[in-house]
Amino acid sequence: SHPLVMGEKKVVICGAGAIGCSTAYFLARRGANVLVIDRCGVACAASGKSGGFLAADWSDDLGKKGFELHEELASLLPVDYGYRKLDTLSLKIQATSHKAPGSGAHEGAAPAGEPVKGIPAWVDGDASRPSSIGTTANTAQVHPKLYTEAMMNAAKGHGAVFQVGLCEGIERSSDGKCVVGVRVSGQVVPADAVVIAMGPWSGQAAKWLPIKPILGQKAHSVTMRPSQAVGAHALFLQYVDVSGNVSDPEVYPRPDGEVYLCGLAESPTTGIPADPTEVLPTPGSCEALRECAAQVSSVLADATPELNNACFLPVAPKGLQIGPVKSVSGAYIAAGHSCWGILKAPSTGLALSELIMDGASKSVDLRPFAP
């Protein structure tokens, strides 16, 4: 049961990814009566499969505030979800078919195998053009799935409720101007406010509310576990495979010893499976990422393979949407964060909680993201 206490604002959040769970946390902390709905569970889509890279000054004020909040939350919440500061590098990796990673020198090295300045020692493939693009002062990481779960659990600690269900529509007042409930798996759940935070599936709400399009962009990732630790370096690669094809994979070693590698994004589309559990890798994509990993480092070449994943990032062709939906009082949306969803999750959640509870956001100016 989810009783409505006198004076509480009852908010239904559609979507239990990083955005939805962060919003639930900040609303529940303010005393709202919060119900989070998701058709398959907490962090079951992109929030459970993304890289978790954080940068203070690579995007906008929402990203900057998100970076600050991540550091605060990592100290505040009673669970380790993989937060740490790290150095970030860009590198060119040239694939070689005639030698295994680690068997030859870096470009510009004198004795074979001697590390080149600026390239981490564990990166022993054909690497060149190292450039520092972030330091522990302005780049960090979290494990996205663990972060999202931690935020939902913290929200529950303040009284929020999570329920598996399918959000099917919005119930409005007789004049159509106000939200009065949400249709969930065939039943109406009363609500004073609803937040659409369904990632790339947020576009489905266009059937219920006047919102701009939200598409999905499929991206791939793999995880592996090396037998030896690698350094706290995020790598942004220019990778040239043996056929001369160029791509831009990213490598994130995690504090628990796992290494995550992602890339090979496809064109944005409306053709997204209805069920997130039905999102599968495009054949050959994860294999190509593992080949890239082997070219980066002999440590990764010998690592134990773990997961092959694919997910759809939420892309907003007309811009990130955060705020009240026009002409429908009590309806809000937070969607279209693309690859910055984890970074901006806490700042989005805090700003929305202020908007819903106080009528205006004080922490971040949301006007540039008006739906």
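Leu366 is buried, at 10% relative accessibility. The model is a predicted one, and this residue is our way in. Leu366 sits in the segment that follows helix 6. Setting aside residues up to four places away in sequence, Leu366 touches Ile322, Ala351, Leu355 and Ser361. Its C-alpha atom is 25 Å from that of Cys167, a residue 199 places away along the chain.

One of the residues touched by Leu366 is Leu355. Gly323 belongs to strand 19. With a relative accessible area of 0%, Gly323 is buried.

Now to the helices. How do helix 2 and helix 6 pack? Helix 2 covers residues 61-76 and helix 6 covers residues 341-358. Their axes are 7 Å apart and meet at an angle of about 90°. Angles of 65 to 115 degrees count as roughly perpendicular, and helix 2 and helix 6 are therefore roughly perpendicular to each other. On the helix 2 side, the contact is made by Leu62, Gly63, Lys65, Gly66, Phe67, Leu69, His70 and Leu73. On the helix 6 side, it is made by Ile342, Leu343, Lys344, Pro346, Ser347, Thr348 and Leu350. These contact residues divide into 8 nonpolar, 5 polar and 2 charged.

Stay with helix 2. The 16 residues of helix 2 should span 22 Å at 1.5 Å a residue. The end C-alpha atoms of helix 2 are 22 Å apart, which agrees. At the start of helix 2, a side-chain oxygen of Asp60 comes to within 3.1 Å of the backbone nitrogen of Leu62. Which residues of helix 2 are buried? They are Leu62, Gly63, Gly66, Phe67, Leu69, His70 and Leu73. In an α-helix there are 3.6 residues a turn, so residues three or four places apart point the same way. The buried residues of helix 2 pack against helix 1 (18-29), strand 3 (53-55), strand 7 (139-141), helix 3 (144-157), strand 19 (321-324) and helix 6.

Helix 3 is the next stop. Helix 3 has 14 residues. From first C-alpha to last, helix 3 reaches 20 Å, close to the 20 Å expected at 1.5 Å a residue. The buried residues in helix 3 are Pro144, Tyr147, Thr148, Ala150, Met151, Met152, Ala154 and Ala155. Their cover includes helix 1, strand 2, helix 2, strand 8 (161-164) and helix 6. Just after helix 3, Gly159 takes a positive phi of about 105°.

Positive phi also turns up at residues other than glycine. Ala43 has a phi near 55°. Ala43 is in the loop between strand 2 (33-38) and strand 3. At 5% relative accessibility, Ala43 is buried. Ser338 has a positive phi of about 55° and is not a glycine. Ser338 is in the loop between strand 20 (331-335) and helix 6. Is Ser338 buried or partly exposed? With a relative accessible area of 27%, Ser338 is partly exposed.

Val182 is in strand 10, residues 179-184. Its relative accessibility is 0%, and Val182 counts as buried. Val182 and Glu171 are 11 residues apart along the chain, with their C-alpha atoms separated by 5.6 Å. Beyond four places in sequence, the contacts of Val182 include Val12, Cys14, Gly169, Ile170 and Glu171.

His220 is in strand 13, residues 215-225. Its relative accessible area is 1%, and His220 is buried. What lies by the polar atoms of its side chain? The backbone oxygen of Leu264 lies 3.3 Å from a polar atom of the His220 side chain. The backbone nitrogen of Thr282 lies 3.0 Å from a polar atom of that side chain. Leaving aside neighbours within four places in sequence, His220 is in contact with residues including Cys262, Gly263, Pro281, Ser285 and Asn309.

Notes
Residues are numbered from 1 along each chain as its sequence is written. This is a predicted model: local features need pLDDT of at least 70, side-chain atom pairs count only at pLDDT 80 or more; totals for chains, interfaces and linings use all residues. Side-chain values use heavy atoms; hydrogens and water are left out. Axes are lines fitted to C-alpha atoms, for helices over the stretch in contact, and angles run from 0 to 180 degrees between N-to-C directions. Helices (H or I, at least four residues) and strands (E, at least two) are DSSP runs, numbered from the N terminus. Angles under 35 degrees count as roughly parallel, over 145 as roughly antiparallel, 65 to 115 as roughly perpendicular and the rest as oblique. Contact means heavy atoms within 4.5 Å. Ala, Val, Leu, Ile, Met, Phe, Trp, Tyr, Cys and Pro count as nonpolar, Asp, Glu, Lys and Arg as charged, and the others, Gly among them, as polar. The expected span of a helix is 1.5 Å times one less than its number of residues. Buried means under 20% relative accessible area, exposed over 50%, partly exposed in between (1.4 Å probe, protein chains only). A polar contact is a pair of N or O atoms within 3.5 Å; within protein, one must be able to donate a hydrogen and the other to accept it, and residues adjacent in sequence count only if both atoms are side-chain atoms.
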